[in-house]
Amino acid sequence: MSALGLAYLVLGSTLIVPSFVNVPVWMHMLLVSYATIYIGAKSSILPSRETQEAISSQDAYMFPVIASGALFGLYLLFMIFSKEYVNKLLTIYIIGIGLMSFTTSVKPILAAFLPAKPLRWSASGTIPIPFKAKEKYPAFHVTLLDILSWIVGLALCSWYVYEKHWAAN
């Protein structure tokens with residue numbers, strides 16, 4: 001097993017083991033932080049086929065304005081609607097964002113453990129939108145690995161919705 005695989009094993013075991021064995025908080029925090037830092041450092045030096053994105057200075061200047069507007073909007077939501085409705089809306093939002101980020105993160109892990117031959121299936125196309133030019137339709141490309149990642153992510157999201165467990169957050 002490689003050092004990166006061991007780091008993933010340590011990180012995964014820190015989610016499961018404390019449910020059955022009393023693990024000191026300091027040990028849990030050290031293992032989680034060291035494993036996370038190691039995985040992030042190793043992943044940052046691995047060659048990536050995706051293009052790197054950078055934030056512009058104009059976007060950096062607008063961030064506090066947009067964040068203030070979002071917080072003010074959240075304040076208005078709590079003033080107008082009851083707490084239960086706002087919590088349900090935020091849960092749906094967090095699940096959507098979490099599902100997208102989780103599937104992006106888990107795809108390389110699933111690709112390492114699954115054989116490559118059955119994963120060759122893919123589908124591509126465009127999504128027609130009324131009153132839009134055909135060349136501006138959004139395109140999509142879905143592979144079997146994407147579908148498997150979504151299934152794992154949906155399982156974790158449904159666990160979070162029903163149990164509200166901290167590990168599924």
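How many Å² does the accessible surface of the protein chain come to, and what percentage of it belongs to carbon and sulfur atoms? The total is about 13700 Å², and 70% of that belongs to carbon and sulfur atoms; accessible areas here come from the Shrake-Rupley method with a 1.4 Å probe, and for residues only the protein chains shown count as cover. Please keep in mind that this is a predicted model, in which local features need pLDDT of at least 70, side-chain atom pairs count only at pLDDT 80 or more, and totals for chains, interfaces and linings use all residues. Residues are numbered from 1 along each chain as its sequence is written, and side-chain values use heavy atoms, with hydrogens and water left out.

**View 1. The whole chain and its elements.**
Five helices and two strands make up the secondary structure of the protein chain. Helices (H or I, at least four residues) and strands (E, at least two) are DSSP runs, numbered from the N terminus. Starting at that terminus, the order is α-α-α-α-β-β-α. The chain has 169 residues, of which 12% count as buried; buried means under 20% relative accessible area, exposed over 50%, and partly exposed in between, with a 1.4 Å probe and protein chains only. Looking at contacts (heavy atoms within 4.5 Å) between residues at least 6 apart in sequence, 53% join residues at least 24 apart.

**View 2. Helix H4 from end to end.**
H4 covers residues 83-113. Its 31 residues reach 43 Å from the first C-alpha to the last, close to the 45 Å expected at 1.5 Å a residue; the expected span is 1.5 Å times one less than the number of residues. Follow the helix to Val106 and you will find a bend of about 35°, with a proline, Pro108, following within four residues. The bend at a residue is the angle between axes fitted to the seven residues ending there and the seven starting there. The buried residues of H4 are Val86, Thr91, Ile95, Leu99, Thr103, Val106 and Leu110, and they pack against H3 and helix H5 (144-163). An α-helix has 3.6 residues a turn, so residues three or four places apart point the same way.

A search of the whole structure finds one salt bridge, defined as a side-chain nitrogen of Lys or Arg within 4 Å of a carboxyl oxygen of Asp or Glu. The partners are Lys107 and Asp146, whose closest N and O atoms are 2.8 Å apart. Lys107 lies in helix H4 and Asp146 in helix H5, so the pair ties together parts that are 39 residues apart in sequence. Lys107 is partly exposed, with a relative accessible area of 30%, whereas Asp146 is buried at 14%.

**View 3. Thr91 and its neighbours.**
Thr91 sits in helix H4 and is buried, with a relative accessible area of 18%. Leaving out residues up to four places away in sequence, Thr91 touches Tyr160, Val161 and Lys164. Lys164 is in the segment after H5 and is partly exposed, at 46% relative accessible area.

Leu154 belongs to helix H5 and counts as partly exposed, at 47% relative accessibility. Along the chain, Leu154 and Gly96 are 58 residues apart, and their C-alpha atoms are separated by 9.8 Å.

**View 4. A nonpolar patch on the surface.**
Phe72, Tyr75, Leu76, Met79, Ile80, Phe81 and Tyr85 form this patch, with about 820 Å² of accessible area together. Patches are made of residues with over 30% relative accessible area and no salt bridge: like charges are joined within 9 Å, and nonpolar side chains (Val, Leu, Ile, Met, Phe, Trp, Tyr) within 5 Å. Helix H3 (residues 57-80) gives the most, with five residues. Tyr85 is in helix H4, and at 57% relative accessibility Tyr85 counts as exposed.
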